[in-house]
Amino acid sequence: MTALEVRGITKAFRTLKAVDEVSFTVEHGAIYGFIGPNGAGKTTTMRICATLELPDRGDVFVDGVSVLDDPRRARKKLGFMPDTYGAYPQTTIREYLDFYARAYGLAGKARKATVDQVLAFTSLAELDHKLIHTLSKGMKQRLCLAKTMLHDPSVLILDEPAAGLDPRARIELRELVKALAAMNKALLISSHILSELAEMCDGVAVIESGKLLAQGRVDAIQKRLQPHHTIWVRALCAPDALEKALLEEPDVSNVRAERGGFGFDYTGDDEARARMLARLVQRGLQPVEFAGGEVKLEDIFMSLTEGKLQ
Amino acid sequence: MSPAEAQALAGKETANAESGFARWLARADDRLNPILVKEVRQALRGRYFRNLFWLTVVLATGIGVFMIFIANVNGDVDELGPNFFTATFGVLSFAVHTFVPFWAFQSMGAEWEENTYDLLVISDLRPRQMVLGKVLAATVQGLLYYSAFTPFLVSTFLMGGVDILAIAVLIGLSLLASITLSFVAVAFSTLGKTKIVRAGLAMLLAGALLPMSFGAIGFGTLLVQESSVLRDPDFLLGLAFFATALPLVSLFACAIGCARLAHEEENRSTLLRILTSTITLVTLGWSVYVYGFLFRGDAEWLAALTSIGIVASSAAYLFFVTEAEPFGRRVAQQVPRSTGLALLALPWLPGGARGVALIVVHGVLAVLVTAALALPLGDPEVVAFVAVFQLYAFAIFGLPSGIAAFGIRSLRGRTAVRVLIPLGVGLAAFLPALVGFVADHGDWMRFEHPFNPVYVLACVASQRWEDATGGLVVLGATVLFALIANTKRVARAVAETQRCAQARREREARHAARDAEPSAGPSAELGAGGASDAATER
């Protein structure tokens, strides 16, 4: 069964259509990135999935349960980490998690064991007696993730989980997310830090002005958008010689000077690319750097979106 | 058995008893409302409660010592008990009737202000648990105040001049009032989520709670200084009415809070409608008791009590008649499967037209009960008064909401109608008075005109039928228009209710047919496990 199915949801705030016929699915064990400019409708979509907003049309199914027909049952199956959330003052980490464990109906030893488990998973066990308001942003994000995992949901919706985190905290969060996917949980993550998403996502959905522009695997979208790769090469030979050689190569177009070398668009496959590099070496051009070809989420994002503000 | 063995056995028994007690404690702990646990932890660690608690205790002690000192200096110890009581109860009254409910208001509001509401609402907690948790936490705080102040209050009995029964009655009622005010404060808090609205609500609440505290002090002073009132039947009747009204208000406030916190697709109206009907029934019950048994033949009591029911329900009617008409998806699935039952339940199901039907049901009920009581005693004017009162309710709520239902669908539009209805009643009374002032029409200037419901009702109550004629004509015309405006609307609501009942029957028949399939088909060979797996998947 599909873990999360968003089926044609539409939501308008007065005259503004925040979400317009958005549909996508996320399977168990998959990490799905949800990207779009500010005001694109990401948070509204996620809040509808989390039963916090009602769509004007469409529905969302969490493990087959409609968030409209049975929001209580859907809530049991999903964990939501909002982009902005508060923590109770005068409360320690353990008390906070204990409260939510109680709220999710956990009792007795099971409650304590679950709290211990999520504390260990998020590496907060040693800080469990610290008051929440004394925690750093990264620690608070971990705590919210720990809270989100308490009832063992099969679908996790994380809205900008990496926002405001330092590089170390981001890497740690990424590892936690990967570990959750390895536990067969479906994850829908929105982020502005596209490089973060690219490293962990199995698929992405790109949204702008409430409309879904593309969805699927990153390389598949890239292929659909751009049939060529962008490659950059630097050689010890004279620049003119390198440029001439590149222009003579098949499958090469749009050669331009870049960062002390040349960038160009390439439509050939990996084997053809290897043969081209061999030829450059044989011609004595002495290539020292030959990079690119990988799919960049930033490129997809920039190709798809127009930066429209709503 | 050796002493060592006996000791070991005794130790084991103690350990068993302890572990049994510990188990009991653990089970009790599991059953505690999560919000209560959290709030008490926070309150005890926070400054608001601790500072206020010690401040009030120190204040009460200081006032007590000062009063004893003054009484000794003046040699006037006879009045020491009542004065000491009034002063101490005064401090307690502010604590439990103002600070504690206000804390409950702030605590509920903090869920929005501190951005914790979303996380709370997507947990497994039901709205009822949230509201009760906040009120229970406030009650725990209140009980701490009572435990600190009760020794002071009881000591006034030893000082003389204060009846112990009066102290017990006052503390009991005060506790009941404190709990009710906390319910009201929490319900009030759920009405606004933005900062500006919350600030307004906070001011309104504080403005209402402070007079409550002063009122409680006044009541306490009366009870202590004139404790003989506890043997006065009229006073006891008032007390009993008060004691039945407070739990009803608490329940009503709790239902409002729950409705506000519930998911938009949930049925947020039926519980409130049932409680409104309960209020109507309780006031009618009081009418029966007071008129039929206590003050037999006192028509004013009957008229007043049956009117209280509808006045108390008016705020709820305002929301019921302006609700969105069609059922939400989730509510549609909950309509009773039997068409007859669904139609019987219709006035208590969500929707504006069904709200109008509820007013009609309540009105008919009130008139029938009044007629059954008053006609045998030869008081037809009471029946007329109650009937006119109920017709006004139908006209005031039915006409504007009926007209608005034709074009207004949005929440904003419905909110505007909710404001316009009470405003319209006020304008109907005020504008003709203004016209009377301009045209120098003496009666109209004094609000004695046919558009003023209060004047018309006063005429009916005092049987000045000639004066009431104009008003009754206006009322009749309004009722007629209200009927016209609502007929199609109510018919649509009836049809929708029938459709939903039928859809539910069909849905359940489909499910039953699907459930029966595995046992008849080849999958039956899978056995119970296979069938249950299939059912789970469905």
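Of the 196 residues in the largest nonpolar core, Leu97(A), Ile157(A), Leu187(A) and Val204(A) touch the most other members. A nonpolar core here is a set of buried Ala, Val, Leu, Ile, Met, Phe, Trp, Tyr and Cys residues joined through C-beta atoms within 7 Å. Buried means that 20 or more other C-beta atoms lie within 10 Å of a residue's own; exposed means 12 or fewer, and partly exposed lies in between, with C-beta atoms placed from the backbone. A second, separate core has nine residues, including Val233(A) and Leu246(A).

This is a predicted model, in which local features need pLDDT of at least 70 and side-chain atom pairs count only at pLDDT 80 or more, while totals for chains, interfaces and linings use all residues. Residues are numbered from 1 along each chain as its sequence is written, and chains are lettered from A and ligands numbered from 1 in the order in which they are written.

**Strand S7 of chain A**

Strand S7 (residues 155-159) of chain A has five of its five residues buried; strands (E, at least two residues) and helices (H or I, at least four) are DSSP runs numbered from the N terminus. Val155(A), Ile157(A) and Asp159(A) cover one side of S7(A), and Leu156(A) and Leu158(A) the other. In a regular strand the side chains alternate between the two faces of the sheet.

Beyond its neighbours within four places in sequence, Ile157(A) is in contact with Met46(A), Cys49(A), Ala50(A), Leu78(A), Phe80(A) and Leu188(A). Contact means that the C-beta atoms of two residues, placed from the backbone, lie within 7 Å. Phe80(A) is also the bridge partner of Ile157(A), and Leu156(A) stands opposite Leu187(A) in S8(A).

| Strands | Sense | Bridges |
|---|---|---|
| S6 (78-81) and S7(A) | parallel | four bridges |
| S7(A) and S8 (186-190) | parallel | five bridges |
| S1 (4-13) and S2(A) | antiparallel | seven bridges |

**The antiparallel sheet and the domains**

An open sheet of four strands in chain A has the order S2-S1-S4-S5, with antiparallel pairing. Its edge strands, S2 (16-26) and S5 (65-66) of chain A, each pair on one side only. Ala12(A) stands opposite Lys17(A) in S2(A). Helix H1 (residues 42-49) of chain A lies across S1, S2 and S4 (57-62) of chain A and runs at about 120° to S1(A). Such angles run from 0 to 180 degrees between N-to-C directions, with axes fitted to C-alpha atoms, for helices over the stretch in contact.

Chain A is divided into domain 1 (4-216) and domain 2 (224-299), with bounds from an automatic or database domain assignment. The centres of the two domains, taken over C-alpha atoms, are separated by 41 Å.

**Between the chains**

On the chain A side, 28 residues are in contact with 24 residues of chain B. Helices H2 (71-77) and H3 (93-103) of chain A each supply at least two residues of that side, and H3(A) gives the largest share, five residues.

**Two helices of chain B**

His362(B) lies in helix H14 (residues 352-374) of chain B. His362(B) counts as buried because it has 24 C-beta neighbours inside 10 Å. Leaving aside neighbours within four places in sequence, His362(B) is in contact with Ser277(B), Thr280(B), Ile310(B) and Ser313(B). The C-alpha atoms of His362(B) and Leu281(B), 81 residues apart along the chain, are separated by 8.7 Å.

In helix H18 (residues 453-461) of chain B, the buried residues include Tyr455(B), Val456(B) and Cys459(B). Gln463(B), with a positive phi near 60°, follows H18(B).

Notes: Two strands pair if DSSP finds at least two bridges between them.
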